[in-house]
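Hi everyone, thanks for making time this morning. I'd like to walk you through a structure, so let me put it up on the screen.

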Amino acid sequence: MSDTRPDNDEQEASGLRKIIHVDMDAFFASVEQRDNPELRGKPVAVGGSGGRGVVAAASYEARTFGVKSAMPSVTAKRLCPDLIFVRHRFDAYKEASRQIRAVFEHHTPHVEPLSLDEAYLDVTEDRLGIGSATRIADLIRQEIRAKTSLTASAGVSYNKFLAKLASDQNKPDGMCVIRPGQGADFVAGLPIRRFHGVGPKAEEKMKRLGIETGADLAAKDIEFLRANFGSFADYLFRAARGIDLRPVRAHRVRKSVGGERTFGDDISSGGQLRETLENIIDIVWDRIENAKARGRTVTLKMKFTDFQTITRARSASHWVEDKQTFARMGRELLEEALPLAMPIRLMGLTLSNLDHGDAQEPAKDSAQLSLL
């Protein structure tokens, strides 16, 4: 286990929050390896192995061959001939996620889950009076391992953006701490691909503009960024300086339930799009059930390689209360959009126009499906 931390991380700058981002390591695949000893130490992919199959998750053994999520299964098999495909078991993932969430809430009520396998925690005031965010992150990782036999990586910092970057720094089974005053320097040394939301096409465009690192990005003024990246510019400007003012939102009235997936490689074929949509349907419907939500409107979102975004929505005259109806509406929206004018780098699906009583669940309408 690797661990980056300063000796005096207890010292906190006045007014800053203590934020932890916890991200499970290869969650779906790790659950499969935990539950089936024959899979341990072997390259495993969760997803369909057929001609139109898509990798939903890959073990670290598979990743060493270049296998990654959202990759066509035929490509993954070509990269790793010994790759073992297993079908997803959402009940097992949900149960592990429930245990992990209980560990989080043992330390703080301020938990903002992003998906089954990752969450932000605000531990500025923790329930056990420990005080040190680094110590709390250590304890959380130990408790997760003891209760689930799974490993987690954690990032500790003073805002959400930096905490998420830190959690990726020493994966798997590692931790990184970015203290107050270190954020801008930390970001400056990162390749631009590490910035959340910057996919392969955005990276390619940035490199053409002379932007390869956080420092290169910070050197560009806001007018330049807006001229080249539109509404994405404001986020990039702040991120390059390690700035993020978003609070950890543990309880918000939910306006929609959904998720979106940014692909490692752009996809355009109907088979790949349909298979990816099925994975998104499974995970989003799980969120809908957890929120005890029902709605009338299903919206499909797709972002093309040129960063233009289209949405297609359909509203029902009755509440969408079962997965079959939700899935059918999502599939119809995709079929109406096919064939696509160009490949896409992102797909999302949401249920909105909700009526879910007094439910106060974290809003996840913009959450990334990192599990895919």
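Let's begin with helix H12, which is mostly covered: 16 of its 22 residues are buried. Keep in mind that this is a predicted model.

Now to the rings. Searching the whole structure turns up nine aromatic pairs. One of them is Phe27 with Tyr93: the ring centres are 6.4 Å apart and the planes meet at 55°, so we call this pair tilted. Which parts of the chain does it link? Phe27 belongs to helix H1, residues 27–35, and Tyr93 to helix H4, residues 90–107, so to speak two distant parts, 66 residues apart. Both Phe27 and Tyr93 are buried.

Next come Phe28 and Phe90, with ring centres 5.7 Å apart and planes at 90°, which makes the pair edge-to-face. Here again H1 and H4 are linked, with Phe28 in H1 and Phe90 in H4, 62 residues apart. Phe28 counts as buried at 2% relative accessibility, and Phe90 is buried too, at 14%. Put together, Phe27, Phe28, Phe90 and Tyr93 form one aromatic cluster.

Last, a look at charges over rings. The charged end of Arg241 sits over the Phe237 ring, 3.7 Å from its centre. Arg296, in turn, lies over the face of Trp319, 4.0 Å from the ring centre.

How values were computed:
Residues numbered from 1 in each chain as written. Predicted model: local features only at pLDDT ≥ 70, side-chain atom pairs only at ≥ 80, totals over all residues. Heavy atoms only, no water. Buried < 20%, exposed > 50% of the residue type's maximum accessible area, 1.4 Å probe, protein only. Helix = DSSP H or I, 4+ residues; strand = E, 2+ residues; numbered from the N terminus. Phe/Tyr/Trp six-rings, centres within 6.5 Å; stacked < 30°, edge-to-face > 60°. Lys NZ or Arg CZ within 6 Å of the ring centre and 35° of its normal.
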